[in-house]
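Thanks for coming, everyone. Please have the structure on your screens, and we will walk through it one region at a time.

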Amino acid sequence: MERVVLHIDLDYFYAQIEEIHDQSIQNKSIVICQYSGRTEDSGAVATTNYIARKYGVKSGISIKQAKQLLSGKASVFIAANHELYESISNLIMNIIRKYSSKFEQLSIDEACIDITSIIDGNYEYAKDIAIKIKNEIKQEENLICSVGIGPNKLIAKMAADSNKPNGLTILPPSKVKPFLFPQNVKSLYGVGPKTHFKLKTLKIETIEQLAKCNLDVLIKHFGHKFAIYLHLSSSGVDDEPVREKPVDQIGRIFTLKEDTKDFTIIKQTIETLSKDVYLQLQEQNLTFKSVGITAILEDMNTCQRTKTFEISHNSLDIIINTSQKLFLSFLNQESKKIRRVGIKVFHFSKNTGQTKLFDFN
Ligand code: DGT
Ligand code: CA
Ligand code: CA
């Protein structure tokens, strides 16, 4: 049976969240900044609203460059508040999840659901579901999103991307090729600048040309696996099932104000990070067997240490104490200063309640 997949992507996600929390910035360029904490302006742009994008201000450029592009224009620069964005993301994922038992979160602001058995081949029903989801997200969180519907994950995602913000694009099987074929190959998910360049040298510009290119030619230039991907996806074929991925680790990382070997500073940072990790663990009702630390040194080298317990735990104290011990012994062996501090917990199992007993030891 032909599958039907619905893909949701929140529009200018971090910036939209800030906008709904402070209506006064709505008509300005909004730049969400990932400050590195070094000098006042060092860091990169995480995202921007659509007003800022008109001036070329987008994810990945430096904050300095964004300030230059927006100089003299009404704009606000806001430090990214990941805890807020993650908690809103969780709320939205819980809304989407209700619409199908086959749910997959793809990133902080993207998810897809398989609605094949719900709509029974009728794309009109699919449209109704999309509208219901859009309305519920608007009503509950006051956020807009773009939705795409198609016969697989790839087409649903590309459909959602093709009409933003607040779009709804429906591509039943008969419309897939007319949608894909005229587009430039760089619009195909998975075709980055390198592949785009190589395809250009092969005189392949459109997705149609890629779909009609001999597979052996593609294999010669891209290797077996990627060639097959290019061959199939350019014809709109994608067999990846929608499948919920279990989280396999929860971690946080922080850039210190300055490189240091001072344990009292690192100790405090660990406490703050541990509390964040612990909150997420509780939200997902998980217990862990392993605690790990990451130290990124002044020369950008990255070192990891882990401790694995015999039994599962779910206490904040164990996260804090274990990562502090790991850091202390690491500092004793390492002469270089630390630039970034990270902690994580992993080897999860579901919290049955019984493991809580161990926390009183
Ligand atoms: P859209 O979907 O084009 O309307 O805009 P966004 O902002 O939702 O972009 P998207 O879906 O690519 O990314 C979702 C969020 O992930 C975005 O709001 C901020 C974050 N993000 C995306 N790209 C970057 C990046 O290069 N650096 C950092 N730090 N965060 C990023
Ligand atoms: Ca988005
Ligand atoms: Ca996204």
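Let's begin at Asn142. Asn142 counts as partly exposed because its relative accessibility is 32%. Here are the cut-offs: buried means under 20% relative accessible area, exposed means over 50%, and partly exposed is in between, with a 1.4 Å probe and protein chains only. Asn142 is not a glycine, yet its phi is positive, about 60°. It sits in the loop between helix 6 (123-141) and strand 7 (145-150). Helices (H or I, at least four residues) and strands (E, at least two) are DSSP runs, numbered from the N terminus.

Some ground rules. This is a predicted model, in which local features need pLDDT of at least 70, side-chain atom pairs count only at pLDDT 80 or more, and totals for chains, interfaces and linings use all residues. Residues are numbered from 1 along each chain as its sequence is written, chains are lettered from A and ligands numbered from 1 in the order in which they are written, and side-chain values use heavy atoms, with hydrogens and water left out.

Back to phi. His347 has a positive value too, near 55°, and is a residue other than glycine. Look for His347 in strand 12 (residues 338-350). At 46% relative accessibility, His347 counts as partly exposed.

Next, the metals. Which protein residues are donors of the calcium ion (ligand 2)? They are Asp9 (OD), Leu10 (O) and Asp109 (OD), at 2.1 to 2.2 Å. Donors are N, O and S atoms within 2.8 Å of the metal (3.2 Å for Na, K and Ca); water is not among the atoms, so sites may look incomplete. Along the chain, the donors of ligand 2 follow the spacing D-L-x98-D. Leu10 lies in strand 1 (residues 5-10), and Asp109 lies in the loop between strand 5 (103-107) and strand 6 (110-114), so the pair ties together parts that are 99 residues apart in sequence.

Why is the arrangement around ligand 2 called octahedral? Because the six donor atoms around this calcium ion subtend angles of 80 to 171°. The rule goes like this: six donors count as octahedral, and four as square planar, if opposite donors are over 155 degrees apart and all others between 65 and 115; four count as tetrahedral if all angles lie between 85 and 135 degrees; anything else is irregular.

Now the calcium ion (ligand 3). Asp109 (OD) and Glu110 (OE) coordinate it, at 2.1 to 2.4 Å. Asp109 bridges ligand 2 and ligand 3, and these two calcium ions lie 3.5 Å apart. Are these residues buried or exposed? Asp109 is buried, with a relative accessible area of 12%. Glu110 is buried as well, at 11% relative accessibility. Leu10 is also buried.

On to helix 7 (residues 153-161). Eight of its nine residues are buried, so helix 7 is largely enclosed by the rest of the structure. Among the buried ones are Lys153, Leu154, Ile155 and Met158. Asn152 caps the N-terminal end: a side-chain oxygen lies 3.2 Å from the backbone nitrogen of Leu154. That is a polar contact, meaning a pair of N or O atoms within 3.5 Å; within protein, one must be able to donate a hydrogen and the other to accept it, and residues adjacent in sequence count only if both atoms are side-chain atoms.

Past helix 7, find Pro165. It is in the loop between helix 7 and strand 8 (168-170). A cis peptide bond joins Lys164 and Pro165, with omega about -5°.

Last stop, helix 12 (224-233). Phe226 lies in helix 12. At 26% relative accessibility, Phe226 counts as partly exposed. Its C-alpha atom is 9.3 Å from that of Gly190, 36 residues away along the chain. Ser233 is in helix 12 too, and at 1% relative accessibility Ser233 counts as buried. A polar atom of the Ser233 side chain lies 2.7 Å from the backbone oxygen of Tyr229.

Tyr189 is in the loop between helix 8 (173-180) and helix 9 (193-201). Tyr189 is partly exposed, with a relative accessible area of 49%. The C-alpha atoms of Tyr189 and Leu230 are separated by 9.5 Å, and the two residues are 41 apart along the chain.

That's the tour. Questions are welcome.
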